[in-house]
Amino acid sequence: MTNRDKMHTGDLYLPDDPAIEVEQKRYLDRLYDYNHTRPSEPAKQQEILHELFADLGENCYVEPPFHANFGGHHVHFGVNVYANFNLTMVDDTHIYVGDHTMIGPNVTLATAGHPINAELRSRNYQYNMPIHIGRNCWLGAGVIVLPGITIGDNVVVGAGSIVTKDLPDNVVAVGDPCHVLRPVNAHDREFYFKDRRIDPDLFEK
């Protein structure tokens with residue numbers, strides 16, 4: 001099995017393989033083009049994102065600058081996904097983001113890790129574990145998601161949280177390490193921020 005194959009198996013491998021580096025630089029060159037588009041060039045931005053991503057649903061947008069180890073080549077977005085400035089995706093293996101998910105500024109989704117053992121780490125060994133983020137999630141500003149994490153549907157992750165364990169559906173989770181604060185509940189259908197009430201008519205539209 002080649003180093004390229006091991007990128008997606010969770011096995012230890014050597015990322016400084018020339019075969020990997022040539023492919024990676026090709027994607028990073030195209031990512032450079034994306035990050036140097038103008039806000040007035042949405043068609044060009046969409047064209048490049050479709051080239052870069054493994055899957056990109058309708059009505060997705062990633063605010064430049066966007067950073068990704070493989071330029072998004074191993075990233076799968078559903079429909080209506082929005083990511084704010086400075087999204088960093090360590091996409092050495094696959095990252096899946098469900099429909100209608102919102103990603104705040106300065107979020108990091110990291111699939112790659114290195115052995116704790118210093119000898120192996122000094123020889124540059126790496127492993128990758130995929131990340132799965134469900135539908136209708138909101139990751140607040142500065143959230144970090146670690147390798148191998150699964151986040152369920154309808155989850156809100158508070159700003160600055162570091163997600164070290166899987167999160168179930170329909171919860172608000174916060175902290176470092178991130179933990180479930182409470183379920184999404186009836187209160188959230190009545191209020192959108194502190195004492196600010198939601199117009200009930202909005203649910204009819």
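1. In this predicted model, strand 16 and strand 18 run parallel to each other and are paired over 2 bridges. Within that pairing, valine 156 has valine 172 of strand 18 as its bridge partner. Strand 16 (residues 156-157) is also joined to strand 13 (residues 138-139), again in the parallel sense and over 2 bridges, and here the bridge partner of tryptophan 138 is valine 156 in strand 16.

2. Valine 172 stands opposite arginine 182 of strand 19. The two strands form a hairpin with 4 residues between them, and in the turn glycine 175 has a positive phi of about 105°.

3. These pairings belong to an open sheet of 7 strands, whose order is 2-5-8-13-16-18-19 and whose pairing is mixed. At its edges are strand 2 and strand 19 (179-183), each of which pairs on one side only.

4. There is also an open sheet of 5 strands, in the order 1-4-7-12-15, and its pairing is parallel. Strand 1 (55-56) and strand 15 (150-151) each have a single partner strand, so one side of each is left without a neighbour in the sheet. Inside this sheet, strand 4 (residues 75-77) runs parallel to strand 7 (residues 95-97), and 3 bridges join them.

5. Histidine 76 deserves a separate look, and the student may ask: is histidine 76 buried or exposed? With a relative accessible area of 14%, histidine 76 counts as buried, because the cut-off for that word is under 20%. Histidine 76 is found in strand 4, and its bridge partner in strand 7 is tyrosine 96. Leaving aside residues up to four places away in sequence, histidine 76 touches Ala54, Asp55, His94, Ile95, Tyr96 and Val97.

6. The largest nonpolar core has 37 residues, and Phe77, Leu139 and Ile151 are those with the most contacts inside it. Among the elements that give two or more residues to this core are helix 2 (18-35), strand 4, strand 7, strand 12 (131-133) and strand 18 (171-174), while the largest share, 3 residues, comes from helix 3. Phenylalanine 77 touches, among others, Phe53, Leu56, Cys60, Val62, Met89 and Val97, when residues up to four places away in sequence are not counted. A second, separate core has 5 residues, including Met7, Tyr13, Tyr27 and Phe70. As a general background, nonpolar side chains in soluble globular proteins tend to be buried together.

7. Helix 2 can be checked by its length: at 1.5 Å a residue, its 18 residues should span 26 Å, and its end C-alpha atoms are 25 Å apart, which agrees. Ile20, Glu23, Gln24, Tyr27, Leu31 and Tyr34 are the buried residues listed for helix 2. They cover an arc of only 95° around the axis, which puts them on the same side of the helix. Pro18, Val22, Lys25, Asp29 and Tyr32, on the other side of helix 2, are exposed. The partners against which the buried residues of helix 2 pack are helix 1 (3-6), helix 3, strand 2 (61-62) and strand 3.

8. Finally, a point that comes from a record: an unreviewed UniProt entry lists residues 4-58 as "domain: Maltose/galactoside acetyltransferase". In the model, the end C-alpha atoms of residues 4-58 lie 30 Å apart, and the span is 58% helix and 4% strand.

Terms used: Residues are numbered from 1 along each chain as its sequence is written. This is a predicted model: local features need pLDDT of at least 70, side-chain atom pairs count only at pLDDT 80 or more; totals for chains, interfaces and linings use all residues. Side-chain values use heavy atoms; hydrogens and water are left out. UniProt positions are given in the numbering used here, feature names are shortened, and annotations may be inferred rather than shown by experiment. Two strands pair if DSSP finds at least two bridges between them. A nonpolar core is a set of buried Ala, Val, Leu, Ile, Met, Phe, Trp, Tyr and Cys residues joined through side-chain atoms within 4.5 Å. Buried means under 20% relative accessible area, exposed over 50%, partly exposed in between (1.4 Å probe, protein chains only). Contact means heavy atoms within 4.5 Å. The expected span of a helix is 1.5 Å times one less than its number of residues. The arc is that of the directions from the helix axis to the C-beta atoms.
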